[in-house]
Amino acid sequence: MDKLLHSVYLDRDKCLGCTTCLRSCPTGAIRVREGKARIIESKCIDCGECIRVCPHHAKMARTDALDKLENFKYNVAIPAPSLLGQFKPKYSIERILSGLKSLGFDEVVEVAYGAEIIGRAIKYEFKAKHYPKPMISSACPAVSKLIQFRFPELTGSISRLKAPMGLTARITRKRLMEMQGLKNEDIGIFFITPCAAKATEVSNPLPSDDIMATINGAIGIKDIYTRLLSAMKTVEEDPMIHNSTADGFSWAISGGESSYIKNKKVLHVDGISNVIKVLEEIECGKLENIDFFEGLACLGGCVGGCLTVENNFVAKMYLHERAEKERMDSNRHLDEAYVKNMYNSGMMHQKEKLFPRERRPLDEDMNRAIEKMQAIEALEHKLPGLDCGSCGAPGCRALAEDIVMGEAREIDCVFVLKDRVLELSNLTSELLQVGHPMENSEKGED
């Protein structure tokens, strides 16, 4: 498996080794060694939980700066629907998008537009493809990677439909190249992202994707928020810049995608720990009556992303208010024939299936790997089973594995260390009581 270019990273200078992140990581990808956290990249899914919980802001996300726009002749911003939830409804959607355009973009295309196309096409996907129940949404890359890593048997249930970001980029680049005659290398498409997982997805395009799917960078919402807010106060609104519907930008909230699915049993869950609990039930066959599962890693949905600014509950309220107003004031809608033609064109689908994510083997030699597995199980049995995290690993099983792999010691466990110190103390006390053997032999001669 090719090495991922992760967005989430650690600023060692800020890290105090407090272990807060250790307990929140859903894949056990963090260790604390020698007073500093360490991210095991092979286990990281870029969900951003460590960024969210770190009290010292030592976990961060790599994103692109606006300076990158200088590399292209024509730049397009494709903002996530969650951007609209960052501002009070007194700022119109047209004003927000016009302000974004003024930051150096030639054009703004809402990802909410792509979201609605995907949402409307799900019914065709149900008819055309046969997924093991339930079909699982592909919209959240952190959840897809979680499934590949922790629930590999469910990988085949992930929808092959592209996420709205990818479809929006593909439609936009195709239009600019075919209708405006722009060269591919002259077009810069930048996703305005609420989360680290999407930034990682942008940095790791699928090998089979064509040039139409290229996204040239991911810019964090929080990184441009202040400049955007300032621009919005003076910018001249473009009345034609907004082209999505209320249903489209409602994808930023948990259940936004599921709302498109009629006459089927759907389940939408947000928050990575909640998603894990439901996936465990799906894996065990307890939810086989569910037709569609929408899982979002962030609480509240994309409005809760680690690169957003506004409180996720407040952002959700703002989006609900915007949606109500949009439904009252606009009769904008997508033509069903357009959606069906788009679906049949193949533009909406991933070119390759997702496969389980390979884990690092205990050993390349099968016999040695079996021996190491037995050693891990024996060590785990010896450890206290408290999963306290004081050893710098997320649990006793993880510590046992680290010890066998030569990355930790038994005495990293404070309980083992205490027992060893107690044994040493008892032995020292016993030796003091017995005395030195030479002294005893001299006394015998006397």
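This is a predicted model: local features need pLDDT of at least 70, side-chain atom pairs count only at pLDDT 80 or more; totals for chains, interfaces and linings use all residues.
Me: How are helices H3 and H8 oriented to each other?
Reply: Two packed helices are described by the angle between their axes and the distance between the axes. For helix H3 (residues 93-101) and helix H8 (residues 221-232), the axes come within 8 Å and cross at roughly 115°. H3 passes H8 in a right-handed crossing. Angles of 65 to 115 degrees count as roughly perpendicular, and H3 and H8 are therefore roughly perpendicular.

Me: Which residues of helix H7 are buried?
Reply: Helix H7 spans residues 196-203 and is mostly covered. Six of its eight residues are buried, a term that requires under 20% relative accessible area. The buried residues are Ala 196, Ala 197, Lys 198, Ala 199, Thr 200 and Val 202.

Me: Is Val 414 buried, partly exposed or exposed?
Reply: Val 414 is found in helix H15, which covers residues 414-434. Together with Leu 386 and Phe 415, Val 414 forms a nonpolar patch on the surface, with about 240 Å² of accessible area together. The relative accessible area of Val 414 is 39%. Since buried means under 20% and exposed over 50%, Val 414 is partly exposed.

Me: What distance separates the C-alpha atoms of Lys 129 and Arg 160?
Reply: Lys 129 lies in the loop between helix H4 (111-128) and strand S7 (135-136). At 32% relative accessibility, Lys 129 counts as partly exposed. Lys 129 and Arg 160 are 31 residues apart along the chain. The separation of their C-alpha atoms is 9.2 Å.

Definitions and conventions
Residues are numbered from 1 along each chain as its sequence is written. Side-chain values use heavy atoms; hydrogens and water are left out. Patches are made of residues with over 30% relative accessible area and no salt bridge: like charges are joined within 9 Å, nonpolar side chains (Val, Leu, Ile, Met, Phe, Trp, Tyr) within 5 Å. Accessible areas come from the Shrake-Rupley method with a 1.4 Å probe; for residues, only the protein chains shown count as cover. A salt bridge is a side-chain nitrogen of Lys or Arg within 4 Å of a carboxyl oxygen of Asp or Glu. Helices (H or I, at least four residues) and strands (E, at least two) are DSSP runs, numbered from the N terminus. Buried means under 20% relative accessible area, exposed over 50%, partly exposed in between (1.4 Å probe, protein chains only). Axes are lines fitted to C-alpha atoms, for helices over the stretch in contact, and angles run from 0 to 180 degrees between N-to-C directions. Angles under 35 degrees count as roughly parallel, over 145 as roughly antiparallel, 65 to 115 as roughly perpendicular and the rest as oblique. A crossing is left-handed if the near helix is turned anticlockwise from the far one by less than a right angle, and right-handed if clockwise.
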